[in-house]
Amino acid sequence: MKMRAAVLERFGEPLAVQEVELAEPRAGEVLVRLAACGVCHTDLYTASGADPSGYAPAVLGHEGAGVVEQVGDGVGSVAPGDHVVTLFSPQCRECLHCRDERTNLCLAIREEQNKGHLPDGTTRISRDGEEVRHFMGCSTFAEYTVMPEIALAKINPEAPFEHACLFACGLSTGLGAAINTAAVRPGSTCAVFGAGMVGLGAVAGCRLQGAERIICVDLSPERLELARGQGATDLLEGGEGAVERILEMTGGFGADYTFEATGSVAVMRQALEAARMGWGLCTVAGVAGKGETLDVVPRLLITGRRVAGSSFGGVKGRDQVPVLIDRYLADEIDVAPFLSHRIALDEVNRGFELMEAQDGIRSVIELS
Ligand SMILES: NC(=O)c1ccc[n+]([C@@H]2O[C@H](COP(=O)([O-])OP(=O)(O)OC[C@H]3O[C@@H](n4cnc5c(N)ncnc54)[C@H](O)[C@@H]3O)[C@@H](O)[C@H]2O)c1
Ligand SMILES: [Zn+2]
Ligand SMILES: [Zn+2]
């Protein structure tokens, strides 16, 4: 079938929205009609050419939500008409990692996904016979996509797509960092560095876990106000003195749990230094630039602080994304403030510009 999609042709150039060919789903694959898709930093990072593992031509986008149209042979967990959220982090439920509760890093299709292929090593997207690659196994800047069954979370159909798609990446990452990776205990004091989609999700996750005090740190007063709406009790301007301020606010000890959601290694260091001796846990969610390293004074670790990384918030997508969406439908998570701009597929490059200008938290492409 023919469909419109936003193609990364050359790094550093705007995406080109155009007609491409999409083949039918093969065994284990699913055709999804996309309804909404968030525009994320990872899309821009790849489009800019900064990501050394990027490839082109490719259809970008990975924060999608839509409706199952058709399933390939052997697909049993979703059926036409089901509402789904796309998962760049799949869950096969069979591999060593999927069977272990300690991680969400499914091993089933990583290699081919990293090359822009579906699990059988080929693409379903093409243009005049030339293959066009799948980005992060998703390619959701498009009217339709074909994805592996194991990379789709079936969700409650009552969830509006424009909110559901935000659970495909940043929001679940932040929520999961607090709920899964840190497993914040009730009554705790938390400090969240960064109030973008990930940091605001972490603030909400700390609140859902019953944290008593949630300090949010950012450079932007507008974003800090959004953090208050998600449950932050204390707002703090980021920069040089942030660690000292957090120590002062916590009787000299620091927070029980800290979260980094900026991508800056200097802030990662601050997050560790703001964690309490004895048991303070610093969860790092930001993606640092290539080659950057985290500078840690080992004494901080010997005295009981720990650092944990978190990919997609430790969320096992097919099991947990539907649960998070049910919590949103039960009014436990306020998603509306994150949706700042609704744009058309043709305006995808404007979505990048809005993001670079830090205008709003997320632009969402409305597809059908
Ligand atoms: N681990 C994962 O699976 C995963 C998933 C999605 C995104 N990410 C990464 O998480 C990070 C955050 O993503 P986002 O979408 O929320 O980004 P964002 O750019 O919207 O938010 C980052 C925030 O950090 C703030 N900030 C910058 N410098 C600061 C400082 N010195 N002190 C305090 N705050 C500061 C900015 O003002 C901004 O509000 C990025 O690095 C992104 O690549 C990771
Ligand atoms: Zn993303
Ligand atoms: Zn697996």
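Biologist: What is the distance from a polar side-chain atom of R223 to an oxygen atom of ligand 1?

Modeller: That distance is 2.8 Å. A polar contact is a pair of N or O atoms within 3.5 Å (within protein, one must be able to donate a hydrogen and the other to accept it, and residues adjacent in sequence count only if both atoms are side-chain atoms). The value of 2.8 Å is within 3.5 Å, so R223 and ligand 1 make a polar contact.

Biologist: How much of the accessible area of ligand 1 does the protein cover?

Modeller: The protein covers 86% of the 860 Å² that ligand 1 has on its own. Accessible areas come from the Shrake-Rupley method with a 1.4 Å probe; for residues, only the protein chains shown count as cover.

Biologist: Which elements give two or more residues to the shell around ligand 1?

Modeller: They are α5 (197-208) and β12 (213-218). Helices (H or I, at least four residues) and strands (E, at least two) are DSSP runs, numbered from the N terminus.

Biologist: Before we go on, what kind of model is this?

Modeller: This is a predicted model: local features need pLDDT of at least 70, side-chain atom pairs count only at pLDDT 80 or more, and totals for chains, interfaces and linings use all residues. Residues are numbered from 1 along each chain as its sequence is written, chains are lettered from A and ligands numbered from 1 in the order in which they are written, and side-chain values use heavy atoms, with hydrogens and water left out.

Biologist: How many residues surround ligand 1?

Modeller: There are 25, and the closest are D218, R223, A285, S310 and F312. A residue is near a molecule or strand if one of its heavy atoms lies within 4 Å of it. By class, the shell has eleven nonpolar, eleven polar and three charged residues. Here Ala, Val, Leu, Ile, Met, Phe, Trp, Tyr, Cys and Pro count as nonpolar, Asp, Glu, Lys and Arg as charged, and the others, Gly among them, as polar.

Biologist: How far is an oxygen atom of ligand 1 from a polar backbone atom of M197?

Modeller: It is 3.0 Å away. A backbone N or O atom of V198 also lies 3.0 Å from an oxygen atom of ligand 1.

Biologist: Why does C95 count as buried?

Modeller: Buried means under 20% relative accessible area, exposed over 50%, partly exposed in between (1.4 Å probe, protein chains only). C95 has 12% relative accessibility, which is under 20%, so C95 is buried. C106, at 2%, is buried too.

Biologist: Which atoms coordinate the zinc ion (ligand 2)?

Modeller: They are C40 (SG), H62 (NE2) and C169 (SG), at 2.0 to 2.2 Å. The spacing along the chain is C-x21-H-x106-C. Both C40 and H62 are buried.

Biologist: How do you know whether D331 is buried or exposed?

Modeller: D331 has a relative accessible area of 72%, which is over 50%, so D331 is exposed. D331 lies in the loop between α10 (317-329) and β17 (339-343).

Biologist: Why is G81 called partly exposed?

Modeller: Its relative accessible area is 46%, between 20% and 50%, so G81 is partly exposed. G81 and E69 are twelve residues apart in sequence and 6.4 Å apart in space, C-alpha to C-alpha.

Biologist: What is the phi of F312?

Modeller: Phi of F312 is positive, about 50°, although F312 is not a glycine. Most residues other than glycine have a negative phi, and most peptide bonds are trans. A cis peptide bond joins A56 and P57, with omega about -5°.

Conventions
Donors are N, O and S atoms within 2.8 Å of the metal (3.2 Å for Na, K and Ca); water is not among the atoms, so sites may look incomplete.
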